[in-house]
Amino acid sequence: MDEITQEFASDISEGSLLVSFDYNGASYEAWSLTKALEMGVPAVVLAGALKPGALVAIDAATSVARGRYLTSGIGQDSTYLAKASEAEAFLQAGSPADASAYFLLKPEADARGITVADLAVEVIAARDAWHQVAGEIEGVRISGKALVTNAGTADEVQAASAQVIERLAAL
C-alpha cells in the first residue's frame, strides 16, 4: 500500500478522517468526520466530501497493484509494448537466425545467454499473463470507483473504498 492509500485507510479505521465541505451557506475546512456527524451535517454532504479522497486512494492502490507486476519507471510501459511487438514480429518472421534487426530482443537475449527465440516466447507469455491481471485490476478499479461514486453516505463511501483497496491489495 502506498502512502496516500495507507493514510486514507488509516484515517478511516482510526476515525480521524478530516473533511472539507459546504453546509448551510458556510464552508468548513479540515473538520473531523466524527465532529461533522455530531453536528448533524447530512450524510449526502459528507459522502460528497469523502468521495474525492476515496477515488484518489483507489487510484493509488491500483498503481501499487500494477507495480507488483511491472517495473516502474518513465517509459517502461512503452518499452514493454515495443518489446512485445518486436517479439511477435520475430516469431512471425520464423525466428530468423540473424536477429540483429531486433534491437530490444537481441541485446537482452545475449545478456541473459538465451536465444532470441526463447526470449520472444517469454515476452509474449509475460504480455499475455499481464493482460489477464491488468484486466482484473482495471475491473476492480472501475467497479470500485462506481461504488464510491454511487455511495450516499460517509459510511458507504468508507466501506466501498476500504473494500476496493483491500481487493487491490490482494491482487
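Helices and strands are runs assigned by DSSP, a helix having at least four residues and a strand at least two, and they are numbered from the N terminus. In the predicted model considered here, the protein chain follows the pattern α-β-β-α-α-α-α-α-α when read along the sequence. The C-alpha trace spans about 75 × 25 × 25 Å along its principal axes.

The confidence of the prediction was examined next. The mean pLDDT of the protein chain is 91, and 91% of its residues reach 70 or more. Among the elements, helix H5 (residues 105-112) has the highest mean pLDDT, at 98, and helix H1 (residues 3-14) has the lowest, at 53. Where pLDDT is low, the predicted coordinates should not be read in detail.

Several totals describe the protein chain as a whole. Of its 171 residues, 32% are buried. The chain exposes about 9,500 Å², and carbon and sulfur atoms supply 56% of this area. Among contacts between residues at least 6 apart in sequence, 58% join residues at least 24 apart. The side chains include 11 positive and 23 negative ones, and the centres of these two sets lie 3 Å apart.

Two residues were noted for their backbone angles. Ala30 is placed in strand E2 (residues 26-32). The phi of Ala30 is near 55°, a positive value in a residue other than glycine. Ser95 is placed in the loop between H4 and H5. Although Ser95 is not a glycine, its phi is positive, at about 55°. The relative accessible area of Ser95 is 30%, which lies between the limits of 20% and 50%, so Ser95 counts as partly exposed.

The relative accessibility of Lys83 is 16%; because a residue under 20% is classed as buried, Lys83 belongs to the buried class. Leaving aside neighbours within four places in sequence, Lys83 is in contact with Leu104, Leu105, Glu108 and Val123.

Helix H5 supplies two further examples. Lys106 is found in helix H5 and has a relative accessibility of 27%, so it counts as partly exposed. When residues up to four places away in sequence are not counted, Lys106 touches Ala99, Ser100 and Val116. Lys106 and Ala117 are eleven residues apart along the chain, and their C-alpha atoms are separated by 9.6 Å. Arg112 also lies in helix H5. Its relative accessible area is 42%, and Arg112 is therefore partly exposed. Apart from neighbours within four places in sequence, Arg112 is in contact with Leu119 and Glu122. Arg112 and Val133 are 21 residues apart in sequence, and the distance between them, C-alpha to C-alpha, is 26 Å.

Helix H6 (residues 116-150) contains Ala146, and Val140 lies in helix H6 as well. With a relative accessible area of 3%, Val140 is under the limit of 20% and is therefore buried. Leaving aside neighbours within four places in sequence, Val140 is in contact with Val164, Arg167, Leu168 and Leu171. Ala146 has a relative accessibility of 34%, so it counts as partly exposed.

Ala146 and Ala54 are 92 residues apart in sequence, and their C-alpha atoms are 11 Å apart in space. Val140 and Pro42 are 98 residues apart in sequence, and the C-alpha to C-alpha distance for this pair is 29 Å.

Terms used:
Residues are numbered from 1 along each chain as its sequence is written. This is a predicted model: local features need pLDDT of at least 70, side-chain atom pairs count only at pLDDT 80 or more; totals for chains, interfaces and linings use all residues. Side-chain values use heavy atoms; hydrogens and water are left out. Buried means under 20% relative accessible area, exposed over 50%, partly exposed in between (1.4 Å probe, protein chains only). Contact means heavy atoms within 4.5 Å. Accessible areas come from the Shrake-Rupley method with a 1.4 Å probe; for residues, only the protein chains shown count as cover. Lys and Arg count as positive and Asp and Glu as negative; His and the chain ends are not counted. The place of a charge is taken as NZ of Lys, CZ of Arg, CG of Asp or CD of Glu. pLDDT is the predictor's confidence in each residue, from 0 to 100.
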